[in-house]
Each structure stands twice: as structure tokens, then as C-alpha cells.
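Dear colleague,

Please find the structure below, with its sequence. My notes on what was found in it follow.

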Amino acid sequence: MDLAQAQDLEAHYLIPTYTRVPLMLVRGKGVFVYASDGKKYLDFITGIGVNALGHAHPRVLAAIRAQSKLLIHSSNLYLNPYQGLLAQRLTALSGMERAFFTVGGAEAAEGAIKVARSLGQKIAPGKIEIIALHNSFHGRTCGALSITGQPRYRAPFGPLLPGVHFVTPNDIADLRAAVSERTCAIIIEPVQGEGGIHEIDPAFLAAAAELAHQHQALLILDEIQCGLGRTGKPFAFQWTDVQPDLVITAKPIACGYPLGVFMARGPAATVLDAGTHGTTFGGGPLACRLALEFLDALADGALYQNVQTLGAQLKQGMQALARKHKFVTEVRGKGLMVAMELDRPAAPYVNRMAELGLLANVTHDTIIRMLPPYIAEPKHIDQALRILGKALKLKLPSA
Ligand SMILES: Cc1ncc(COP(=O)(O)O)c(C=O)c1O
């Protein structure tokens, strides 16, 4: 199968939701991926923040090999040897008490909404309102879209869930004005990812926790993109003193195999009981075993440190490039979640980067986003910066 054949098949048979980069990736090793024409790319988007251990990591391959011989899927009708253990490890890491495993991020967001609404309605009828942030992203299912603060994603699919209010990130007064006794949850990404790598102020997070507490509402943190080491700590909220009531995470958790989770503490941890929620695939034996492998890889702390060190190197290098190019309006980052915002469309630059052998992606039209693997080395950051520097020399008109 070559690229042209794959493009032709997709053009005829796929529901046309994706605008693909014209590259067919066929294999990966460490921080690199290889396309069908044999060309090698430094992978600084990692399947949108998923391949944190890079590609073909020996311990991941060994776990897949061993577990696939035993049992890949068994459903949640039965116990498997890994789900309870994984829940124990993840709740210890996050300060939560109980976990529910899903297939991905949006399904975890859906679960969080169900927890919040069912608990809210137990407290008082009509306590179902959710406060979310403008510019947020929580997934593409209808519930997750309902709390996603970007009209362009929501517009064609209404009516979505009622009772959702959007407030401006970091505007505590706006948040305070929106919270009421009808609020059952406030949901925040501690670092907005798809929104363009915007870190939420610790003071705003603390205010959200306090307001949620005062109003018997839950503080839900969406750590699907910024969690599990991406910012250099197990969870991004751990850079602050805030303790959420519910945490959702997914992306890198099972080393590329689909898995997500919502975790809760206090009354939120037990409000869903037998028969109130379920999923066929979530938390299967292979997925959970891989997630345990991922947590083992993080356990000695070295990768968190690497993420912090390399993140600083990447951000500083990008800031130096920004000083050379007036059309770069801002560089933002936390750990290995880094963005460069331009005053013009970013796609030509990202395409040029790909031509030069570096994969990143565009978000919000004008933002170059990088989510490098945690196992990268300083020389890979240097290589990425060299390529980015060359790509930024493209001469293009401003938007
Ligand atoms: C913060 C955040 N929440 C939710 C999602 C949705 O996750 P998924 O695509 O696995 O459904 C994403 C995906 O990019 C995300 O970044």
C-alpha cells in the first residue's frame, strides 16, 4: 500500500472528518517515525501526546507480547489481574480514591459528567449545572462537547446538554458570578492543550476549588493531555496546592493502546453503583497491563526530571527563535507541552518542518504545538530547534 493508494481509498470510503497531513506512517523507533517512502521524522507530536515512551519501547513490546498470548480482552463481566492494581496505583498517584476505566478521553469526560450530575441531583433536584472554561477542549462526544468552550466544535450538533456555563480562564470574578447552588461541577484543564497550551493560574484553580467546596460541587480536572508526566509531575495540578474531587486522564496511559480513566474521591467515588455505568472495552487486561508498565517507567522519577529539563531547553530555544522573528507573538509551555503562536497561519511552517524531518501540529490555525516524547534527549531538542529555526525562515504574508 503506497500513500496514493491509501489516499484514494480514504477519499472514497472514509467519512471525511480529517484533513490529513499527506504522510503515511508505517513504523516507529524511539523518538523517530518512518513514512511509507522510508523518510525518517523526529516525532514531536507523539500521536497527540500519546507515545510518551516513544515508539517500540522494549518494555512495552515485551508486555504486549506476553499479555497478548494470555488474554487481550475479557470485558467487565469478570475480574482481570491488572485493573484493580492499576486503580490502586493511579489513585495513589493522584490522591483520588476510586477509578473507572474507559477507552479514551471523551468517554472519561462523559463519566465525570455522569458522576457530577448524579451526585448533584442527590444533593438537590436541579443541581445539574456545570461550569467550564472558554477555549477548553474535553472531547468530541455530545456530553464532552457540551462542556467544550469552543463554538466551532459545538455548533452543528445542538441541542447539547443544558445547564453549562462558560467562563473566562483566569477570571475569578467571572467564575464566582457563574457559580450557584445549582452548580454540580466546575471542570478545568490545568493546562489547556488543544486550546493552544495555556496554563491556568494556580490562584484561579484554588478559587475554583474553594467555590466548588462552598457550593457542594465537584472540581473536575481534565488531565487527559496535561497529566501523567507531560508537565514534569504526575499530574499538572500537583504544581499547585489544589486537590480536585475528580480527575480524568487518558492519552499516554497505556503506551498507545486505548485507555482512559476517571478517578474520584469522597462521595463522588461511590455515587455510581452497580448497573449505573459500564463499557465493553475499558480496562481490559492488555490495556491495564500496559498502563502498569507505563507507571513503572515513571516510577523512579527520572522521566519527570527529563520532561522538566527538556521542556525548559525547548521553550528557551523557541523563545530565542521568537526574538529573531517578529511574526512569532508568543512561546508558551509547561514541561513537554510547548506552543509557538504566530500572527499568521501556522500550517505552512508546520508543513515545512515536516519536509525538514520534524513532526508537530497546528492548533487554532496560528499555533504550532509540540508534545515530544518523555524519552527524548537534549540532542533531539537541538535537532528540533534547528529544524524549527529553518522553517521559520519561510517568507509568507501576514494573515
Ligand atoms: C484535554 C482533553 N480532554 C479530552 C480529550 C478527548 O480525548 P479523546 O480524543 O481520547 O476522546 C482530549 C483530546 O485531545 C484532550 O486534550
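Which helix gives the largest share of the shell around the ligand? Helix 5 (residues 105–123) does, with 3 residues. Helices here are DSSP runs of H or I with at least four residues, strands are runs of E with at least two, and both are numbered from the N terminus.

Before going further, please note that this is a predicted model: local features need pLDDT of at least 70, side-chain atom pairs count only at pLDDT 80 or more, and totals for chains, interfaces and linings use all residues. Residues are numbered from 1 along each chain as its sequence is written.

The ligand

Of the 15 residues around the ligand, those that come nearest are G104, G105, A106, G139 and Q225. A residue is near a molecule or strand if its C-beta atom, placed from the backbone, lies within 6 Å of it. By class, the shell has 6 nonpolar, 6 polar and 3 charged residues. Ala, Val, Leu, Ile, Met, Phe, Trp, Tyr, Cys and Pro count as nonpolar, Asp, Glu, Lys and Arg as charged, and the others, Gly among them, as polar.

The whole protein

The protein has 13 helices and 17 strands. Its radius of gyration is 21 Å, close to the 21 Å that the globule rule gives for 399 residues, so the protein is as compact as a globular protein of that length. This radius is taken over C-alpha atoms, and the rule is 2.2 Å times the number of residues to the power 0.38. Along the principal axes, the C-alpha atoms fill a box of roughly 60 × 55 × 45 Å.

Helix packing

Two packed helices are described by the angle between their axes and the distance between the axes. Axes are lines fitted to C-alpha atoms, for helices over the stretch in contact, and angles run from 0 to 180 degrees between N-to-C directions. Angles under 35 degrees count as roughly parallel, over 145 as roughly antiparallel, 65 to 115 as roughly perpendicular and the rest as oblique.

Helix 3 (residues 58–70) and helix 10 (residues 285–298) pack at about 155 degrees, with their axes 10 Å apart. That makes helix 3 roughly antiparallel to helix 10. In their contact, R59, V60, A63, Q67 and S68 of helix 3 meet P285, L286, R289, L290, E293 and A297 of helix 10; two residues are in contact if their C-beta atoms, placed from the backbone, lie within 7 Å. This contact has 6 nonpolar, 2 polar and 3 charged residues.

Helix 13 (residues 378–391) takes part in two further pairs. Its axis and that of helix 12 (residues 347–355) come within 9 Å and cross at roughly 130 degrees. Helix 12 and helix 13 are therefore oblique to each other. Y349, R352 and M353 in helix 12 meet I387, L388 and A391 in helix 13, a contact with 5 nonpolar, no polar and 1 charged residues.

The axes of helix 11 (residues 302–324) and helix 13 come within 10 Å and cross at roughly 20 degrees. Helix 11 and helix 13 are therefore roughly parallel to each other. L310, Q313, L314, G317, M318 and L321 of helix 11 make the contact with P378, I381, L385, L388 and G389 of helix 13. By class, that contact holds 8 nonpolar, 3 polar and no charged residues.

Backbone details

Most residues other than glycine have a negative phi, and most peptide bonds are trans. A cis peptide bond, with omega about -5 degrees, joins G158 and P159. P159 is in the loop between helix 7 (151–154) and strand 6 (164–167). N135 has a positive phi, near 75 degrees, and is found in the loop between strand 5 (129–133) and helix 6 (142–146).

Yours sincerely
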